[in-house]
Amino acid sequence: MTPDLTFPEDFLWGAATASYQIEGAGDADGRSDSIWDTYAHTPGRVLHGHDGSVACDHYHRYPQDVALMRELNLSSYRFSVAWPRVMPDGRTLNPAGLDFYSRLVDKLLEADIVPWLTLYHWDLPQVLEDAGGWPERDTALRLLDYAGAVHDALGDRVRHWTTLNEPWCSAFLGYAQGRHAPGRTEPTSALRAAHHLLLGHGLVVEELRRRDPSLELGLTLNFTDTRPLDPSSPRDLDAARRIDGLANRFFVEPVTLGAYPADVLEDLGELWPDDLVHDGDLATISTPIDVLGVNYYATQTVTAGCDPERASVAAAQARRHDSPSPSVGSEHVVTVRRGVPVSDMGWEISPTGLSDLLLRLHKDYTGPAGVRLYVTENGMADDDMPDANGYVDDPARVDYLDHHLRAVHDSLQRGADVGGYFVWSLLDNFEWAWGYTKRFGIVRVDYDTQERTPKASARWYADVAGSGRIRHNGAGASAE
């Protein structure tokens, strides 16, 4: 039998959500359209024409959802604020929209749950996209104004602030591949978006630090453990280096080291705009943070059909002739399947990838800087089958969470400074371009009735969160 694993007493146990995925109330109290409203309402963009106009109706049901969090022994709740609810025109404060988050924070504090606020989780006001969106430098300044307004209202009660969630997705899925809102396929615009997202992050950290040095500030990045198909092949090693560079190092290194990785800039070649980075930008982007959020779901294995010295030619050919790719400058790199277990998203399941990642981040970036790591998203989409009462027995998800939490524990034992774990997600929700066809929640949502039913994984996670340990048989007491 494997032994019980005990986590530190101050380890934070949470769950995460995002505003557009759960709130609904699309036109309530002055909220305007976001880029995801526009994208979802464009035929062919989202599976089955689904959108987030109702979602989980969290906007009206948040007291019930907070009570559910308390029932599940959560010590923290990571949520995002909807920019178009707070500033419908991208510039002017809407008190009615902001007041929702004030009520939510109060309710969380009443339940003794730490509010963990994310300022931007992909729902840019459409009016700002109409003005050019993230490829325009001005959007970073608008993020600063928005952050200041939210802090004015909530800074007395919220101590944990995340600037951005997964800027790789915002920039490269949104502006290069077009698979996410706003659905543009412009590689150089994607690079501009990426830089301006990071600039906005730095500007916000500077300002919030000036206002209150005691705040816990950071951002959340998505990391994918990328491996070469053939570790002895120069082609595949170069492919893995390229994808790791653009997906992982391109974001973490400016924030922690103050520079974009030189090899990635070389990969990008003429796609990288000479006028993009202004004097002082990288100093702002690397303003010291307290926390790096780590979103981790899967590994990927990559290969390339050409030698490294031909990579730029192959990438340009793929960019011109193949489907749009988020891998700007490395469009020729291909992801391959190895026949290992995958989630309902088709993502490879590899718990050891999480422990390896946390140790790598601690060693190379956050440890030397005194920055604490938090796993801010980790979870699994499964093909949930409810019984007649809406209950879901989801042993695959329990197994996924068990093994990934064991990986977190392993990284702690090996020296990584990890302060907490947030399961993705609290609720089944609108899964972006997949609509409502993919379920990540530990709580089932019946979208017809809005009834919430905790799954077996919720009972398991509640036991772990309540006890601070994983039991030797891999199951919590309430799931047995």
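Trainee: What should I know before starting?

Mentor: This is a predicted model, where local features need pLDDT of at least 70, side-chain atom pairs count only at pLDDT 80 or more, and totals for chains, interfaces and linings use all residues. Residues are numbered from 1 along each chain as its sequence is written, and side-chain values use heavy atoms, with hydrogens and water left out.

Trainee: How many salt bridges does a search of the whole structure find?

Mentor: The search gives 45. A salt bridge here is a side-chain nitrogen of Lys or Arg within 4 Å of a carboxyl oxygen of Asp or Glu.

Trainee: Which residue does arginine 469 form a salt bridge with?

Mentor: Aspartate 4, with the closest N and O atoms 3.4 Å apart. Arginine 469 lies in strand E15 and aspartate 4 in the segment before strand E1, so the pair ties together parts that are 465 residues apart in sequence. Strands (E, at least two residues) and helices (H or I, at least four) are DSSP runs, numbered from the N terminus.

Trainee: How accessible is arginine 469?

Mentor: Arginine 469 is partly exposed, at 29% relative accessibility. Aspartate 4 is partly exposed too, at 32%. Buried means under 20% relative accessible area, exposed over 50%, and partly exposed in between (1.4 Å probe, protein chains only).

Trainee: And glutamate 207, what does it pair with?

Mentor: Arginine 211, with the closest N and O atoms 2.9 Å apart.

Trainee: On to the core. How many residues are in the largest nonpolar core?

Mentor: It has 143 residues, and Trp36, Val150, Trp161, Phe172 and Val408 have the most contacts inside it. Helix H9 gives the most to this core, with 9 residues. A nonpolar core is a set of buried Ala, Val, Leu, Ile, Met, Phe, Trp, Tyr and Cys residues joined through side-chain atoms within 4.5 Å.

Trainee: What does valine 408 touch?

Mentor: Leaving out residues up to four places away in sequence, valine 408 touches Phe7, Phe11, Leu354, Leu358, Val375, Val418 and Tyr421. Contact means heavy atoms within 4.5 Å.

Trainee: Last topic. How many residues line the largest pocket?

Mentor: There are 45, with Trp168, Leu173, Gln300, Pro326 and Trp347 nearest its centre. On a 1 Å grid over the protein atoms alone, a pocket is an open set of points where a 1.4 Å probe fits, with protein on both sides within 12 Å along at least five of seven lines; lining residues have an atom within 4 Å of a point.
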